[in-house]
Amino acid sequence: MRGGTGPVVVLAEIEEGEKLAASFLEALHAARKIAEAYETRVDALVLGNNVEKVVEEITYYGLDTIYVVDDAHLGTYHPECYLSAFRRACKDIRPTAIVMGHTLRSIDLAPRIAFDLDAGLISDCTGIDFDSDEMVFFKPVFSGNVVAGYTIETRPFIVSMRPKSLEPVRRLEKEQGSIIRIPADLAASDIRIAVTDWVVREHAGIKLEDAAIIVAGGRGMGSAERFRELAVLAEMLGAAVGASRPPVDMGWVPSESQVGQTGVIVAPDVYFAIGISGSIQHIAGMANSRTIVAINTDPEANIFKIADYGIVGSCAELIPSLIEAFQETVNSPSRN
Amino acid sequence: MNIIVCMKQVPDHTAPRAAFVINHTENKVEFRGIQPVLSLFDENALEAALQIKDAEKDNIRIRVLSVGRRIAKRVMMKSLAVGADDLVTVEDAAFDAIRLDSFETASILVAAIEKIGHWDLILLGRQAADTNAGQTAAGIASKLGMPVITLATKVSVSQGKVIVERLIPNGYEIVEAVLPAVVTVSNEVGELRYPTIVQIREAKSKPILSLGIRDIDVHPEEAKKVKIRTLISPELNHRECKYITGETPAELGRNLVFTLTRDKIIG
């Protein structure tokens, strides 16, 4: 099935109230591929409150039209308000396809839109390709043991792109694109869930997404106490602390530390995997790291297959000795 | 109060890659000697249900619903042993996990839920371990006209409402909805508890209702939106691991730091 004449619309996600999320630029890359194949244009849709700064920033990415729904009820993410505003905007935009980054927000929003518009959705795509008249959307299934290529039968259709799967598009020198405002027209009858409170943790140290070095611990760490030692090592290296899934389940670290298919996807210069066996879900989140250093007591652990450097040994003994060894390097006058 | 937990059986993700064989002629995946297991996030969903039961004691009835091509009862017994009250399975040869899209899966689950009746809260894992689609809950909620709350890290009920701590970047938000409602559960809820020997024995006498596609009113293929075009076996990017040696942990640590510095991996 070829596309309609409607645009491919990219949903712009806003972070911390005013920043354009990095996932938008990768989603835009995917949208351009889809638009080229179906011979249509790429537009953006911004939902939020007081979004002028973000809208201005988006004008530097060569889009035809930027649709803006600016409403006091869209200042923070509320699933049903966003769905309601999105549905209203789609009536005007009549898109062929809807593209967004696969983020915590779109994990909630994309399926709601899919069932509301009766539109097929492929979530967490890692690649797209045009093959004999049809776009094919690829994603890992069976924990990454198989990659499936899907076609979607509906117009519009929806895709969410896994972070860091495509290059972000480049910012242009000059502004472009007309801005069209659409009212939110929120209906009280759409709103059935109430957000009563927020608990946002102040993030100590460097964020995983921004870190050049990550030191990550797994089940083999054995305790929250050992993660505090790991944080000491991280601070010495200017690194962020990450984790595989078990330490999050165990409550040793907060959930934003989780690296992997359902956590953060990272690709730092150096990734230390300490006490991490290397489940396929974890590897999906860090395999593109430039250098991987693995420490594990089990010489057969999967992590060694994708590591550049390995030590077979216990993290209880090696974390303190690494702290000491790095300390010596720092203190050594003959360093280089 | 009645809680339905939707649980799916998936091939054990820890199986070696060679065990997942692609049949290109029929465009499907065959599993060689892989044991089925409960999808991990669905185990978290059951744990969330049990935590509600722990808090509310006698008034909570937990029913596990599983839909699939072939459901191994012995795998499902775990859910009864840890504290679910009964089990409903719906089996059909056409219920191939990855060939069904989320719209078909949702329509089958909705038909089964309507068939068995009586629900206040429906819990699912945030996404299935095989397809990772994460869409079914929104479909069930939409078709049954209920609110849905996703990515729960904690679930409780009080005065006819479900109260959820929901994952957001760097923290959580507290969200509530009037029952009946659908909630998807994330791993922060905690791993599914282990049964005691007594519970394992008692599970054998808990009721199991086995249904087929004819027992529920559904034509999933009419809902289909997404098709599999191709299946590929990805290559794991193997790297040549240089093992660091040393007699003591202190020496291992020094040798690693020396090697990483020498190779200009760290400055």
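Biologist: Which residue is the bridge partner of G127(A) in β9(A)?
Modeller: In this predicted model, G127(A) is bridged to F138(A) of β9(A).

Biologist: And how do β8(A) and β9(A) pair, parallel or antiparallel?
Modeller: Antiparallel, over 5 bridges, with β9(A) covering residues 134–141.

Biologist: Switching to chain B: why is strand β1 called largely enclosed?
Modeller: Because 4 of its 5 residues are buried, the rest of the structure largely encloses β1(B), residues 2–6.

Biologist: Which strands does β1(B) run parallel to?
Modeller: One is β6(B), residues 61–68, paired over 5 bridges. Another is β8(B), residues 121–125, joined by 3 bridges. Look at I3(B): its bridge partner in β6(B) is I62(B), and in β8(B) it stands opposite L121(B).

Biologist: Now helix α1 of chain B. How far apart are its end C-alpha atoms?
Modeller: They're 25 Å apart. At 1.5 Å a residue, the 17 residues (40–56) should span 24 Å, which agrees.

Biologist: Which residues in α1(B) are buried?
Modeller: Among them are L40(B), F41(B), L46(B) and L50(B). D42(B), E43(B) and E47(B) are buried too.

Biologist: What follows the helix α1(B)?
Modeller: K57(B), with a positive phi near 60°.

How values were computed: Residues are numbered from 1 along each chain as its sequence is written. Chains are lettered from A and ligands numbered from 1 in the order in which they are written. This is a predicted model: local features need pLDDT of at least 70, side-chain atom pairs count only at pLDDT 80 or more; totals for chains, interfaces and linings use all residues. Helices (H or I, at least four residues) and strands (E, at least two) are DSSP runs, numbered from the N terminus. The expected span of a helix is 1.5 Å times one less than its number of residues. A residue is buried if 20 or more other C-beta atoms lie within 10 Å of its own, exposed if 12 or fewer, and partly exposed in between; C-beta atoms are placed from the backbone. Two strands pair if DSSP finds at least two bridges between them.
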